[in-house]
Amino acid sequence: MSSCGTERSKLVNMRVSWLVSVALFLFAATGARGASVTTKNPNVRVKENDGADLSCSYSADFGSNARVDWKFTNLKGSQTFVIHTNKPTTPYANRVTMYDSSLRFNKVTHADNGVYLCEVSNANGLTGEVQVKMTALVPPSPPMCRVPTSETTGRKVTLTCHDKVGSPPSKYRWFKDDVLLPPVPSKTTDFKNATYKLNTESGNLVFPRATKKDSGNYFCEAFNDAGPPQRSKALKMEIRDVNTGGIVAGVIVALLLVILLVLAIWYAHKKGYLPKKIERKPKPSVVYQQAGSSLYGGGDDEDGEFKQKSSFVV
C-alpha cells in the first residue's frame, strides 16, 4: 500500500472517532437534561399555624420505583430528614404527609423556617435534587431596647434593640426625639455631622465618641413584611462632660486628709498621748525538789515529803 493510502486511512479513522465522541457527548447531555427534578414554588411563604405545600416532581427517566428523600436545614445550619425512603421520619410523622413526591405540612411554625431539599434517585444511580425555601410569617413584637441613662463625652456608647418573635427576622429603625435616624447619616443634609453607626440587621446604634449633642430621648422600631411594625418605649440618654475640676478637688482633699492624719499621729506621740511600749519583766523560774535532799543529791531531810523551793533568776 502506498504512503498516500495509509495517510488517507488514518484521516478517515480520526474523523470516525471524533463523530463517535460527539454522538456520545450529545446522548449523555440529552439524557442528563431529561432526568430532572423541579418545583413549582422555590420560595414558600405562609402565615404561622397555617398549612403549606412544598412541591417536587421528577421526570420519567427515574422510573416508577424512584426513591424520594426530603431533608431540612434550619437557620442555624443543622440538617435532618423529614422524608426518608418515601416515609416521614418520627419527628414529622403527625405533621407532614407526602403526595406523589411533594411535601404537605398541616401546620407551620417559625421553627420550620429554612431550606428543604427534595432528592430523587433510582437503583441505576441516577440522582437529582431541588431546593425549596419556606418562611413562616410572624409579625414583630415590641422590641427589647437598652439605652444608657448617663454617659460621659468621648466614650463609646452602644444602644441595642432586639425582637425575638418576628419571622422573617425583623429589621430595625431608631428614632431620636421622634425624628427618624437615617441608616447612613452622611447621605442626609441634616445629619452630615452625625458620627453614629446604625446596623439595621442587628438593631445596634453605636456612638464611637459620644458628644453632648447626642443627648435625647431614643426608641427603636422592629419591622418585617409579616405585619405592622412595633416600637419600644422611649428612654432618655444624657451625655455629660467629664468633671475635671471635681476630680482635681477630690484628689486635693484626700491628700490634705492624709497629711492631717500623719501630723495628728506625730503630735500625739510627741506629747505622750499614745500608750508607751511596756517592758516585760522575766518570770521567776520555780524548781520542785524532794524534801530532805539538796538540789545536787544531798540533804538532811529523809522523811519522803516534797517541799517547794523557789529559785529566782535575774
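Hi everyone. Let me start with a definition: strands here are DSSP runs of E covering at least two residues, numbered from the N terminus, and two strands pair if DSSP finds at least two bridges between them. One thing to keep in mind throughout is that this is a predicted model.

With that in hand, look at the end of the sheet. Pro 88 in β7 is the bridge partner of Ile 83. Strand β6, residues 79–84, pairs with β7 in the antiparallel sense, over two bridges. Now zoom out: the sheet is open and has six strands, in the order β2-β11-β10-β5-β6-β7, with mixed pairing. Its edge strands are β2 (43–47) and β7 (87–88), each of which pairs on one side only.

Next, a residue in a loop. Ser 55 sits between β3 (52–54) and β4 (57–58). Is Ser 55 buried or exposed? Its relative accessible area is 13%, so Ser 55 counts as buried, the cut-off being under 20%. What does its side chain reach? That would be the backbone nitrogen of Lys 40, at 2.7 Å. If we set aside neighbours within four places in sequence, the contacts of Ser 55 include Thr 38, Thr 39, Asn 41, Trp 70, Ser 102 and Val 132, along with Lys 40.

Last stop, helix α2, which spans residues 244–270 and contains Leu 263. With a relative accessible area of 47%, Leu 263 is partly exposed. Leu 263 also belongs to a nonpolar surface patch, together with Ile 252, Val 253, Leu 256, Leu 257, Ile 259 and Leu 260. Together these residues have about 670 Å² of accessible area.

Definitions and conventions
Residues numbered from 1 in each chain as written. Predicted model: local features only at pLDDT ≥ 70, side-chain atom pairs only at ≥ 80, totals over all residues. Heavy atoms only, no water. Helix = DSSP H or I, 4+ residues; strand = E, 2+ residues; numbered from the N terminus. Patch = residues over 30% accessible without salt bridge, like charges linked within 9 Å, V, L, I, M, F, W, Y side chains within 5 Å. Areas by Shrake-Rupley, 256 points an atom, 1.4 Å probe, with all protein chains shown as cover. Salt bridge = Lys/Arg side-chain N within 4 Å of Asp/Glu carboxyl O. Buried < 20%, exposed > 50% of the residue type's maximum accessible area, 1.4 Å probe, protein only. Polar contact = N/O pair within 3.5 Å; in protein donor to acceptor, adjacent residues only side chain to side chain. Contact = heavy atoms within 4.5 Å.
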